[in-house]
Amino acid sequence: MTNVKLTKKGNHIVSCECDGHTGYGVYGEDIVCASLSSVVQTAVLGLLGVAKIDVNLVRDDERGYIKFDIPDGLSEETQLKVDAILDTMACGISDLNEGFSDFINLEVIK
């Protein structure tokens with residue numbers, strides 16, 4: 001089971017933490033785990049490459065762990081980009097959670 005925690009302040013996602021492998025399939029061939037990882041890692045790439053912000057990123061592939069935090073004090077323009085990227089990520093995670101709730105636990109902390 002992968003536990004996903006999205007932390008929000010107001011209407012903004014400020015942190016994402018994913019812990020554990022989904023267990024849907026054999027390690028290295030688990031399409032649910034790969035899908036979730038792709039959604040989250042693509043969001044990180046968007047934050048770094050499109051929004052051009054430095055995120056505090058911790059990653060442990062063996063454990064199936066990734067966590068990132070959004071820095072405070074973003075300009076309005078940058079915040080709009082960050083919100084678009086992270087809201088899209090949240091839609092992808094939510095969709096995976098709906099289809100595979102036995103393997104992904106999603107918690108949104110406000």
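This is a predicted model: local features need pLDDT of at least 70, side-chain atom pairs count only at pLDDT 80 or more; totals for chains, interfaces and linings use all residues.
Q: How much space lies in the largest pocket?
A: A pocket is an open set of points, on a 1 Å grid over the protein atoms alone, where a 1.4 Å probe fits and protein lies on both sides within 12 Å along at least five of seven lines. Grid points are joined across faces, edges and corners, and the volume is the space filled by probe spheres set on the points. For the largest pocket, this space is about 390 Å³.

Q: Which residues that line the largest pocket are the closest to its centre?
A: A lining residue has an atom within 4 Å of a pocket point. Of the 22 such residues, the closest to the centre are His21, Cys33, Ser37, Asp61 and Gly64.

Q: Which element supplies the largest share of the lining of the largest pocket?
A: Helices (H or I, at least four residues) and strands (E, at least two) are DSSP runs numbered from the N terminus. At least two lining residues each come from helix H1 (31-49), strand E3 (56-60) and strand E4 (65-69). The largest share, six residues, belongs to H1.

Q: Which members of the largest nonpolar core touch the most other members?
A: A nonpolar core is a set of buried Ala, Val, Leu, Ile, Met, Phe, Trp, Tyr and Cys residues joined through side-chain atoms within 4.5 Å. Buried means under 20% relative accessible area, exposed over 50%, and partly exposed in between (1.4 Å probe, protein chains only). Among the 25 residues of the largest core, the most other members are touched by Leu6, Val40, Leu47, Phe68, Ile70, Leu86 and Met89.

Q: Which element supplies the largest share of this core?
A: Strand E1 (2-9), strand E2 (12-19), H1, E4 and helix H2 (76-99) each contribute at least two residues to this core. The largest share, seven residues, is that of H2.

Q: How many residues apart in sequence are the parts that the pair of Asp19 and Arg63 ties together?
A: A salt bridge places a side-chain nitrogen of Lys or Arg within 4 Å of a carboxyl oxygen of Asp or Glu. Asp19 and Arg63 form one, with the closest N and O atoms 3.1 Å apart. Because Asp19 lies in strand E2 and Arg63 in the loop between E3 and E4, the pair ties together parts whose separation in sequence is 44 residues.

Q: Is Asp69, a salt-bridge partner of Lys67, buried, partly exposed or exposed?
A: The side chains of Asp69 and Lys67 meet with an N to O distance of 2.9 Å. Lys67 has a relative accessible area of 22% and is partly exposed. Asp69, at 23% relative accessibility, likewise counts as partly exposed.

Q: In which helix do Lys81 and Glu77 both lie?
A: The side chains of Lys81 and Glu77 meet in a salt bridge at 3.9 Å, N to O. Lys81 is partly exposed at 34%, whereas Glu77 is exposed at 55%. The two residues are four apart, about one turn of the helix, and that helix is H2.

Q: Which residues does Leu96 touch, not counting those up to four places away in sequence?
A: Leu96 lies in helix H2 and counts as buried at 12% relative accessibility. Contact means heavy atoms within 4.5 Å. With residues up to four places away in sequence not counted, Leu96 touches Ser35, Leu36, Val39 and Ile104.

Q: What is the phi of Lys52?
A: Lys52 is placed in the loop between H1 and E3. With a relative accessible area of 64%, Lys52 is exposed. Although Lys52 is not a glycine, its phi is positive, at about 60°.

Q: How far apart in space are Ile66 and Ile31, C-alpha to C-alpha?
A: Ile66 has its place in strand E4 and is buried, with a relative accessible area of 10%. Leaving aside neighbours within four places in sequence, Ile66 is in contact with residues including Cys16, Val40, Val44 and Leu57. Ile66 and Ile31 are 35 residues apart in sequence, and their C-alpha separation in space is 18 Å.

Note on methods: Residues are numbered from 1 along each chain as its sequence is written. Side-chain values use heavy atoms; hydrogens and water are left out.
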